Amino acid sequence: MLNLESNIKFIKGVGEKRAELFYSLGIFDVDSLLRFYPRKYEDWTNTKTVSQVNDGDHITIKATMITPVKEHRIKRSMTLYKCRFSDGESIINVTIFNNKYLAQALRIYEDYVLFGKIDKSLTSASMSSPKIEKLDTGVCIHPIYPANGKLTSNAIAKVIKTALNNLDEIPDTLSNDIKTKYNLISLDSAIRQIHIPKSEEESYKARKRLIFEELLTLQLGLLKLKSTKKDETAFVISHDFTDEFKKLLPYRLTNAQQNAIGECIKDMQGRYPMGRLLQGDVGSGKTAVAAGILYTAIKNGYQTALMAPTEILAVQHYEGLLKTLQTTGITIRLLTGSTKAKEKREIKAALIDGEIDLLIGTHAIIQNDVAFSKLGLVITDEQHRFGVKQRASLAEKGHGIHTLVMSATPIPRTLGLILYGDLDISILDEHPPGRQEIRTDVVDSRYHGRIYKFIKDAADRGEQSYIICPMVEESEEMLHVKSAQQLAEELSETVFKGYSVGLLHGKMKPKEKDNIMKAFSLGDIKILVATTVVEVGVDVPNATIMVIENAERFGLSQLHQLRGRIGRGNKKSFCVLVSDSKNEASLNRLRIMKNNSDGFKIADADLKARGPGDFFGERQHGLPKLKIADMLEDIEILHLAQSCAMDILKEDYNLNLEKNQYLCDAITKMFRDINY
Ligand code: ADP
Ligand code: MG
């Protein structure tokens, strides 16, 4: 007998060698085997005879083999096997390509089921490479698994069947109350029916149960990761210093900015800690909102922290805020991965002594050995780049501290529910005035001559340009870097001879990146050739041109983020998307960029064009990988799972009750494998 923990090599018919193939699919024990769900099903139950179907139909036919297999060797790599079947009325000529294993297994006068497309003429019927199974096991719903080369879907199905036949009832993760309330079948039935459904109805019920369980596990795990929002805060803000703050700015805050600041301050005046998400398109001025809130918190005597996802952005925030707050006597320090050990020690000491009012940095500031004396507010910029767990660990730095997360990525409501279910939301739906619309054009590479002339003319006027290099697969980051290096070199020796060309890519040391960005913002570098490292947040108002090579390789939201780097000053700005793609769909996506400047609209279009995968890229959000649920498709079950999760925690916050033990294990398992 097997149990869930049994290694799959102990399943009959697997053994050491095949086990290796399963390992490569991430299947190690019976449990992970059973959780390897079918991608889809083929329904072989609706059998027909040749006379009942039309030419070209996809059909299932019960038939008897009536001639032996004849082998025809066409060339070295191609052998055809031909034989005939009869369905009792008609003869079907069957051709099998190359599949010697199948051809040899067929026996004359035996009964089979054939599944595939039929070619029918007045006088004959034939099937080319149909799937063939024995009659007694074939007429059923066949699961199709995501197979990999050596391990076919059929082979996986067989092993799963064997495992299920040698397994006692699978213990349930959900209590009877929950199953009754949400009308769910048992885990044991669900697992058996997802692999071997007797009807569509059965597979539907199995899916529903498994999706519910997966989303419930996810939601419970996330809720437990989240900060202890319910605790009262000790960091109550008594005075609002926004009017004083406004005098520090060279411009007037937009109404949207003022409202957002007001909402945050109102939160911080309450009894519970603020937990808020600030959503605003690129360029909507989130930094000023952050600064305003930080100012009031600091003036009320609290320490504060501002976290950015990259070093470049942290440095930029540091320099910007130093400037804005220079006359206020507020002490600001920068702590990143490249801060020298000695300075780090000094900063840490000053933090504990409460001498630092505002600490800006990368996630280096949430490392365990950084302690504050009275941290009251933490702001996280470009939140979508942080893992959920990082946010939670920051919240643990202080009990009941206020948190604000800022994001330029419009987040579909569903994902918001998962990631930010406990947060209130403020939206900046207004851009600062005086902004120029960015003109966007889609061109092919024949235009390079004109583009380069355009860039030179801009440089002669004192304006600056970005050239973003073609994207390559993530696994080939080095290639990406190389292409950027090559392009920078080539351009600076040819068309841009005499102009200062800079290079920026992800593999450079933080210090180098920093120097390049500085030179670019000072205008010493006129033309910056870069990879997507500039995507997040950098602010150089004098940059007016952005050229994106092979634009079809980028996601729309990413293009929008990149484009957000220009048009930040008062000069007319231009974005040129270069693509030689002939693919209509790709070009249409680029045209969406040309015709839209609203990030939310673009994100919507992107979501439709590419599907949810990119939004829910689990690595980007720090979410565990889901096996069966799809957060966009399964929104209704998600709602149920969310309310169920709340109920469970209300009754048993620490999941100590006997009936919640299997769920508790499931959570541990789901979250165990993520690296934050
Ligand atoms: P994002 O929301 O993308 O982070 P930033 O905070 O970087 O946007 O702001 C973009 C630019 O707009 C900055 O150069 C900033 O100084 C400027 N800015 C912000 N608020 C205003 C305002 N109310 N009026 C004019 N300019 C503003
Ligand atoms: Mg920003």
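Me: What makes the pair of Ser284 and ligand 1 a polar contact?

Reply: A polar contact is a pair of N or O atoms within 3.5 Å. In this predicted model, where local features need pLDDT of at least 70, side-chain atom pairs pLDDT 80 or more, and totals for chains, interfaces and linings use all residues, a polar backbone atom of Ser284 is 3.4 Å from an oxygen atom of ligand 1, so the pair counts. Residues are numbered from 1 along each chain as written, chains are lettered from A and ligands numbered from 1 in written order, and side-chain values use heavy atoms, without hydrogens and water.

Me: How much of ligand 1 does the protein bury?

Reply: The protein buries 85% of the 570 Å² that ligand 1 exposes when taken alone (Shrake-Rupley method, 1.4 Å probe).

Me: Why is the space taken by ligand 1 called a pocket?

Reply: A pocket is an open set of points on a 1 Å grid over the protein atoms alone, with protein on both sides within 12 Å along at least five of seven lines, so the term fits this space. It is the second largest pocket, with a volume of about 1400 Å³.

Me: Which helix gives the largest share of the lining of the second largest pocket?

Reply: H12 does, with 10 residues. The lining has 44 residues (an atom within 4 Å of a point).

Key
Polar contact = N/O pair within 3.5 Å; in protein donor to acceptor, adjacent residues only side chain to side chain. 1 Å grid on protein atoms, 1.4 Å probe; cavity = no way out; pocket = protein on both sides within 12 Å on 5 of 7 lines; lining within 4 Å. Sits in = over half its atoms within 2 Å of the grid points. Points joined across faces, edges and corners; volume = space filled by probe spheres on them. Helix = DSSP H or I, 4+ residues; strand = E, 2+ residues; numbered from the N terminus.
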